[in-house]
Amino acid sequence: MQKALSDMTHYFILPGLGNSGREHWQTWFEQSGEHFTRINQVDWDAPLCQDWVDTIDKALEDYDLENVVLVGHSLACATIAHWAKQTGKIVKGALLVAPSDLEAPQYKDAFPAKGFAPIPKEKFKFRTVVVASEDDIWVSFERAQYFAEQWGSEFINLGNAGHINAASGYGKWEEGLEILRGLG
């Protein structure tokens, strides 16, 4: 019997660079229940870390953080790490999918994201699950494991799943929703 998503829990969708389009699993999650809210960043294409952190903090200010689960993809995973380190706030949990390695050369040269590196390595004070792929071009499998270890996160390997986005076939992602149920 599948566990239902909690009616008490509020799930906040945090897309990465460029936002998550209509075919992305985050959009499917968002449309799967009434307790899902996408946090829209000021600038999706040339982000400043502090702006993204401030936007998260502002979005959560009217919620009981004990009932909040963050759902980050790619660049949003580092943003969540920065938010947790800067604010010291504790939420119910976070699902961190395909955490981009902003310290890797291919990322530095490809996108105008500023202030995200170095990526915080402190353990989260709340439950986290890192989901990674063995062939993600934005983070090596070893670095994804390293982030999970540093953050004190449970680690899930999806095998060869690319960047775990719509382009790699992750639209309606039932397995991801099951992982999320475990956090909520």
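**Notebook: sheet, helices and ring pairs**

I began in the sheet, where Val71 stands opposite Leu95 in β4. I note that the model is predicted, that local features need pLDDT of at least 70 and side-chain atom pairs pLDDT 80 or more, and that totals for chains, interfaces and linings use all residues. Residues are numbered from 1 along each chain as its sequence is written, and side-chain values use heavy atoms, with hydrogens and water left out.

**Entry 1: the sheet**

I looked up the neighbourhood of that pair. Strands β3 (residues 68-73) and β4 (residues 93-97) run parallel and are joined by five bridges; I took strands (E, at least two residues) and helices (H or I, at least four) as DSSP runs numbered from the N terminus. Leu70 has Ala94 as its bridge partner in β4.

I then traced the whole sheet, which is open, has six strands in the order β2-β1-β3-β4-β5-β6, and shows parallel pairing. Two strands pair if DSSP finds at least two bridges between them. Because β2 (36-38) and β6 (154-157) each have a single partner strand, they stand at the edges and one side of each lacks a neighbour in the sheet. On average, neighbouring strands are turned by 20 degrees against each other, direction ignored.

Buried means under 20% relative accessible area, exposed over 50%, and partly exposed in between (1.4 Å probe, protein chains only). Gly93, Leu95 and Val97 point one way from β4, whereas Ala94 and Leu96 point the other way.

**Entry 2: helices**

Helix α3 (residues 75-87) packs on the sheet and touches β1 (10-14), β3 and β4, its direction making about 135 degrees with that of β3. Contact means heavy atoms within 4.5 Å. Axes are lines fitted to C-alpha atoms, for helices over the stretch in contact, and angles run from 0 to 180 degrees between N-to-C directions. Helix α6 (residues 174-183) also packs on the sheet, touching β1, β2, β3, β4, β5 and β6, and its direction makes about 155 degrees with that of β4.

I next examined helix α2 (residues 49-60) against α3: their axes come within 9 Å and cross at roughly 70 degrees. α2 is therefore roughly perpendicular to α3, a term that covers 65 to 115 degrees. The contact includes Trp52, Val53 and Ile56 of α2 and Thr79, His82 and Trp83 of α3.

**Entry 3: aromatic rings**

I counted 14 aromatic pairs. Rings of Phe, Tyr and Trp (its six-membered ring) pair if their centres lie within 6.5 Å; planes under 30 degrees apart count as stacked, over 60 as edge-to-face and the rest as tilted. Phe124 and Trp151 form an edge-to-face pair, because their ring centres are 5.5 Å apart and their planes stand at 65 degrees. This pair links distant parts of the chain, 27 residues apart: Phe124 lies in the loop between α4 (105-110) and β5 (127-132), and Trp151 in helix α5 (residues 141-151). Phe124 is buried at 10% relative accessibility, and Trp151 is buried at 1%.

The rings of Tyr146 and Phe147 have centres 6.1 Å apart and planes at 50 degrees, so I recorded this pair as tilted. Tyr146 is partly exposed at 30%, whereas Phe147 is buried at 0%. Finally, ring pairs link Trp25, Trp28, Phe29, Tyr170 and Trp173 into a cluster.

Technical notes:
Parallel < 35°, antiparallel > 145°, perpendicular 65-115°, else oblique.
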